[in-house]
Amino acid sequence: MAEDSDLEKTEPASPRRLEKAREEGQVARSRELTTFLLLAAGVTGLWLGGAALYRTLTDIIRAGMWFDPGVTRDTAVMLTVAAQAAEHALRAMLPLFVLFILVAMLSSVLLGGLVFSGKALEPKFERLDPLKGIARMFSGQTMVELIKTLAKAAVIGTVAVLVIMHYQARMLVLMHAPPHEALASGLTLVALCCALIVAGLLLIVLIDAPWQLYSHMKKLRMSREDVRQEHKESEGDPQIKGRLRQQQRAMARRRMMAQVPQADVVVTNPTHYAVALSYQENGAGTAPVVIAKGAGPIAARIRELAGQHHVPMLSAPPLARALYHHVELGQEIPAALYSAVAEVLAWVFQLRSWRDGYASEPRQPHDVQIPAGLDPTPDAHTETP
């Protein structure tokens, strides 16, 4: 039962799931909203610019009906006149066409936003499966579309009946009116009927747009197993991440160990901590740098490498603990430790001179002092050298 509940799509879509759906062209769309806005734009455009459009088209038709013998005898002239008439008509209709294009583009992105996806254009042959096609015919989405179609038909029919009943007497009077007056009054009634139909469709749009958003989000719901799988893919398998971190630490440790032979001195605890210092007198920095440090087995490995490459080692527990806890790899030592480290480096330089035969064997420093507060465990791990 627990496994079945994990497979039920009860969880809301994650941001990654929504982004993936957008990449595949799956966004909320409302055809009813597009239809409503196009009809509203058409009615508004004709209402505002219909008079000018009527005059322009009337002049074009009147000019086309004018009989000119020169035009009828010459095919080239006839084509030129026809092209000019078509151009004038297109210019007159162009603002309305531009309005339709802009409204169509705007209405298509109101709910789901602007999306460019080539995956939506890829052919899907499973749509040719007749069994799935029959199943879609009786699906819940098909029933919703049927209800919307019936609702639109009811709205349009109701508005048309109400307009006819209300203006019935006025329509009958138009039968005896002059043609120009009858045409103008008839067009006014048609425009009024269209405006009322568009207003009636607004109710369907207010229901359909939220439904499309709800249906889209419901379709993208995820099961608990999907959520876990997505989290694993995005964050990575904890075991794999643990192995990667372990490998990264091992690589960093190998790089650190490779720096030990270049150290000038290794300060020890003498067994719990080991810190390798390097000092370049002509370098860019002005203070010694910690190039390797470690505790326990890592400290033992640092001491082993230092012994193999004849790097001087000095047992100074307080200084070793302070360097280990307060200085990161690759950083210069703090100013508070300059005096203690200078004492150690002086011993190193004297040791080099003794090995080169220029001086007597120096005395190893004992009880190297550091400022109070820098030794985190002054009473722990203290060993007699």
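**Entry 1: Asp264**

I looked up Asp264 and found it buried, at a relative accessible area of 9%; buried means under 20% relative accessible area, exposed over 50% and partly exposed in between, with a 1.4 Å probe and protein chains only. The model is predicted, so I note that local features need pLDDT of at least 70, that side-chain atom pairs count only at pLDDT 80 or more, and that totals for chains, interfaces and linings use all residues. Residues are numbered from 1 along each chain as its sequence is written, and side-chain values use heavy atoms, with hydrogens and water left out.

I placed Asp264 in the loop between α11 (238-259) and β3 (265-268). Helices (H or I, at least four residues) and strands (E, at least two) are DSSP runs, numbered from the N terminus. The Asp264 side chain makes a polar contact with the side chain of Arg352 at 2.5 Å. A polar contact is a pair of N or O atoms within 3.5 Å; within protein, one must be able to donate a hydrogen and the other to accept it, and residues adjacent in sequence count only if both atoms are side-chain atoms. Setting aside neighbours within four places in sequence, I list Leu277, Ser278, Tyr279, Val311, Pro312, Val348 and Arg352 as in contact with Asp264, contact meaning heavy atoms within 4.5 Å.

**Entry 2: aromatic pairs**

I applied the ring rule: rings of Phe, Tyr and Trp (its six-membered ring) pair if their centres lie within 6.5 Å, and planes under 30 degrees apart count as stacked, over 60 as edge-to-face and the rest as tilted. The count comes to two aromatic pairs. The rings of Trp211 and Tyr214 have centres 5.8 Å apart and planes at 40°, so this pair is tilted. Both residues belong to helix α9 (residues 179-219), and being three residues apart they are separated by about one helical turn. I recorded Trp211 as partly exposed at 32% relative accessibility, and Tyr214 likewise as partly exposed at 41%.

Tyr273 and Tyr324 form a tilted aromatic pair, 4.7 Å centre to centre with 50° between the planes. Tyr273 lies in strand β4 (residues 273-278) and Tyr324 in helix α13 (residues 317-326), so the pair ties together parts 51 residues apart in sequence. Tyr273 counts as buried at 10% relative accessibility, whereas Tyr324 at 24% counts as partly exposed.

**Entry 3: helix α12 and the residue after it**

I checked helix α12 (residues 297-308), which has 12 residues and reaches 17 Å from its first C-alpha to its last, close to the 16 Å expected at 1.5 Å a residue. The expected span is 1.5 Å times one less than the number of residues. The buried residues of α12 are Ala299, Ile302, Arg303, Leu305 and Ala306. They cover an arc of only 165° around the axis, which puts them on the same side of α12; the arc is that of the directions from the helix axis to the C-beta atoms.

Just after α12, I noted that His310 takes a positive phi of about 60°, although His310 is not a glycine. His310 lies in the loop between α12 and β6 (313-315) and counts as exposed at 62% relative accessibility.

**Entry 4: Asp367**

I also found a positive phi, near 55°, at Asp367, a residue other than glycine. Asp367 lies in the segment after α14 (338-355) and counts as exposed at 62% relative accessibility.
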